[in-house]
Amino acid sequence: MYPDKSILLVDDEQDYRQLLSARLTRKGYRVWEAGDGTEALARVASDHIQLILLDLKMPGMDGLTFLKRCKQSAPWVQVIVVTGHGTIETAIEAMKSGAYDYLTKPYNLNELEALLEKALEKQQLEEENTQLKEALSASGKAAPIIAVSSVMKELLSTAVKLAQTDSSVLLRGESGTGKDLVARFIFENSPRSGRAFVPINMGAIPDAMLESELFGHEKGAFTGAVSPKKGLVEIAHQGTLFLDEIGDLPYPLQVKLLRFLETGEFRRIGSNRLQQVDVRIIAATNVDLERRVEEGSFRADLFYRLHVVDICLPPLRERQEDILPLAEHFLKRLERKYQAKALSEQAKAALAEYSYPGNIRELAHMIERGLVLSKNECIEAADLFPQQLHQAASDWRQASTETKDAGDTEMYSLKQLECQHIRKVLSLSNWNKTRAAKALGISVRNLYRKIEEYGLRP
Ligand SMILES: Nc1ncnc2c1ncn2[C@@H]1O[C@H](COP(=O)(O)OP(=O)(O)OP(=O)(O)O)[C@@H](O)[C@H]1O
Ligand SMILES: [Mg+2]
């Protein structure tokens with residue numbers, strides 16, 4: 001199902017990585033690089049990685065810790081560890097933690113290639129088995145969706161019905177409201193569930209690479225196209241393609257995507273051959289696409305094509321009944337990682353009242369922070385709302401009473417709150433946008449957009 005030979009090189013020595021990367025690319029591998037364990041874990045989560053070549057000695061997260069975490073989240077990935085001379089114990093330790101094999105430095109490149117081929121065979125077999133098992137157990141493995149409020153229950157029952165069709169679905173909703181989760185839910189409940197679910201985030205891929213990611217390219221189609229590559233539309237054949245953050249699709253590509261959606265036909269870059277695939281499309285956005293259409297940055301014809309059916313995920317503050325069940329769900333999920341704890345009554349009350357500009361993602365982060373900070377038997381409100389959030393929560397309460405008094409619209413007051421809150425988090429993180437975006441539970445790109453929208457300055 002995945003034709004690429006994809007490998008991730010995890011090593012803190014950049015020169016070495018680049019050298020190896022060039023060599024393996026020439027051998028037909030699709031190569032990714034990561035300079036440390038954290039970067040590597042993110043890559044494993046976002047891309048389809050089959051093999052990892054891991055240097056055990058790295059600054060930051062050490063190789064063994066990375067290996068264990070990686071095998072937990074993506075057990076099908078085969079990891080080959082590279083150790084220095086005389087550290088055979090570590091290599092054995094790594095094998096016990098799930099590594100496929102090890103190489104001792106300095107090693108011969110032919111030896112490496114032979115090992116990679118063997119590991120790839122094993123990987124493909126294991127992955128096919130997992131896919132088969134998953135297909136057999138139907139939706140059994142899908143992440144649970146907590147839906148207590150009637151609006152969410154209704155939404156899920158619509159999603160189940162839609163899953164039976166091949167119509168394009170557009171998922172809308174603020175960041176962190178569960179669009180990814182619902183996209184997977186539709187896929188898992190559809191007759192296509194035994195096939196591939198292929199997500200692509202338009203906001204995360206540089207514009208120049210997007211066309212090749214989507215439609216693939218032939219060898220020599222452009223500088224750097226050293227081998228032919230299948231696009232995601234091909235990989236998603238008979239399955240589902242999830243076009244995430246569709247609002248970020250650059251204008252010139254919009255017409256190409258539209259043509260593909262209408263006919264199922266496409267050409268790889270650099271090829272004259274027209275190919276056809278059968279994919280079901282689910283798209284998601286957290287921006288107001290109608291406004292983009294009015295402004296002229298999003299094509300109206302593409303919008304209508306995607307918008308055959310739309311599902312709007314309401315912000316968490318508009319489905320209060322879900323807040324505590326979600327909080328309990330995250331507590332349970334984190335039990336394995338931290339000591340199990342319950343929420344105090346006061347904490348529950350504070351959670352129920354808060355506005356969640358970052359929606360469910362923010363709630364999940366708050367619960368984790370609560371577990372980390374809590375020193376008592378129960379998680380208290382102060383653990384969930386350290387100073388800045390506490391302030392924002394009470395500002396919000398105040399703002400909502402004030403706007404009610406003033407008879408203003410509620411949307412206005414929430415925008416004000418969002419702006420205020422973002423300004424506060426930015427200043428607390430010294431305008432480190434990666435940290436701030438993480439705390440807010442939104443993407444960095446989304447944060448930049450909001451900084452611009454609100455005209456925020458350090
Ligand atoms: N109803 C739910 N039940 C359980 N977990 C949920 C629910 N909704 C969202 N989550 C969790 O909240 C987090 C954010 O959800 P998700 O990634 O689907 O949001 P999103 O709408 O795609 O956000 P973005 O626009 O930023 O991509 C995820 O960890 C997801 O598993
Ligand atoms: Mg998403």
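Author: A polar contact is a pair of N or O atoms within 3.5 Å; within protein, one must be able to donate a hydrogen and the other to accept it, and residues adjacent in sequence count only if both atoms are side-chain atoms. The model is predicted: local features need pLDDT of at least 70, side-chain atom pairs count only at pLDDT 80 or more, and totals for chains, interfaces and linings use all residues. Residues are numbered from 1 along each chain as written, chains are lettered from A and ligands numbered from 1 in written order, and side-chain values use heavy atoms, without hydrogens or water.

Start with K179. One of its polar side-chain atoms sits 2.7 Å from an oxygen atom of ligand 1.

Helices are DSSP runs of H or I with at least four residues, strands runs of E with at least two, numbered from the N terminus.

Now the shell itself. There are 17 residues around ligand 1, and I146, S175, G176, K179 and D180 come nearest (near: a heavy atom within 4 Å). Seven shell residues are nonpolar, six polar and four charged. Here Asp, Glu, Lys and Arg count as charged; Ala, Val, Leu, Ile, Met, Phe, Trp, Tyr, Cys and Pro as nonpolar; the others, Gly among them, as polar. Ligand 1 lies between domain 2 (149-312) and domain 3 (320-385), because both give residues to its shell. Those bounds come from an automatic or database assignment.

N359 is found in it. Its phi is near 55°, positive in a residue other than glycine. N359 is buried, at 0% relative accessible area (buried is under 20%, exposed over 50%, partly exposed in between; 1.4 Å probe, protein chains only). Y356 sits in the loop between helix 14 (345-353) and helix 15. Y356 is not a glycine either, yet its phi is positive, about 50°. Y356 counts as buried, because its relative accessibility is 0%.
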